[in-house]
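Here's a quick briefing on a two-chain model. Have a look at the structure first, then read on.

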Amino acid sequence: MFKKIVLAYDGSEHAKRAFDAAAELATKFGAALDIVQVVTHQHASEAVAAFARAEHVENPDQIELAKCSANSLAPVAAKAKARGVRSVNIEVLRGDAAREMLDYARSEHADLIVLGRRGLSRVGGLVLGSVSAKIAGEANCAVLTVK
Amino acid sequence: MFKKILVAYDGSDHAARAFEVAVDLATKLSSQLEIVQVEPHPTTSNWVTEIGRSGNDELSKVAAQVLTPLWAKARSHGVKDVSGDVLYGEPAHEIARYAKDNDVDLVVMGRRGRGRIEGLVLGSVSSHLTSHANCAVLTVK
């Protein structure tokens, strides 16, 4: 039933729980798992700065955003493989989180999107993150939101 | 991971697809499956009295017509532990409450139901549950 699962990952606690669900479903259904992180422009500079600090790079401007994000996703991918997911792919996208996820899932013919109910956003009081809500409503496939 | 799955059924095409997905999940994950049908009711006192008189008949009628075949279908697909109920009341509220009372860890439902509000991409019940359920929610297109 589920052959291609896309996990929206942003490093939050919700996303980690979403990862557990995605990996479990991927192994049980023999599905391929794509772990996708969307970097908004707001977070881009923070991510680059953090990477520069960690890697002692002199000139942060030269760091490719994709590389430092891929660094954070690689251990997640390794974890998925260790759990028996047969095919794991990581992808870093840049732009509007919901839009990028929806377009990616559609172009990859995903049959399930998995994401946390909320993410890293600092807007308190929202029981359902705006990104999760938009994806749940507009996706071309089933959507699993994990608490 | 998902030991107890609840599928909310309302007779719509979306719900039928949600049922298929829930059964597939339950067999692959060896989960228990709860199938519920929610009958909404207007909150007038007249109607409540009516239900008090003939409540049980209504319940068993709906159960026989709708739930019993679904339960049988789930079992024939290999789901060992199948249960459920007919719920009365406001759908989102009743489903969320049933899920919580029965330690459900995954609610599966159609993205939309029988509602006639056009233009809603995510039905009001699905939307409410996705936000407020005590557990994971899977909406099926």
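Predicted model: local features only at pLDDT ≥ 70, side-chain atom pairs only at ≥ 80, totals over all residues.

In which strand is the place of B:E39? B:E39 belongs to β2 of chain B, residues 32-39, where strands (E, at least two residues) and helices (H or I, at least four) are DSSP runs numbered from the N terminus. Residues are numbered from 1 along each chain as its sequence is written, while chains are lettered from A and ligands numbered from 1 in the order in which they are written.

**Around B:E39**

- Ten strands form an open sheet with mixed pairing, in the order β3(A)-β2(A)-β1(A)-β4(A)-β5(A)-β5(B)-β4(B)-β1(B)-β2(B)-β3(B); two strands pair if DSSP finds at least two bridges between them.
- At the edges stand β3 (87-94) of chain A and β3 (82-88) of chain B, each with a single partner strand, so one side of each has no neighbour in the sheet.
- From one strand to the next, the twist averages 20°.
- Within chain B, β4 (residues 106-110) runs parallel to β5(B), joined by 5 bridges, and B:L106 stands opposite B:A136.
- Helix α4(B) packs on the sheet, touching β5 of chain A plus β4 and β5 of chain B, and its direction makes about 155° with that of β5(B); axes are lines fitted to C-alpha atoms (for helices, over the stretch in contact), with angles from 0 to 180 degrees between N-to-C directions.

**Where the chains meet**
- The contact takes 18 residues from chain A and 17 from chain B, contact meaning C-beta atoms, placed from the backbone, within 7 Å.
- On the chain B side, α1 (13-29), α4 (124-132) and β5 (136-140) each give two or more residues, and β5(B) has the largest share with 5 residues.
- Strand β5 of chain A (residues 142-146) runs antiparallel to β5(B), with 3 bridges joining them; A:V143 sits opposite B:T139 there.

**Packing of A:L7**
- Leaving aside neighbours within four places in sequence, A:L7 is in contact with residues including A:F19, A:L33, A:I35 and A:V114.

Notes: Contact = placed C-beta atoms within 7 Å.
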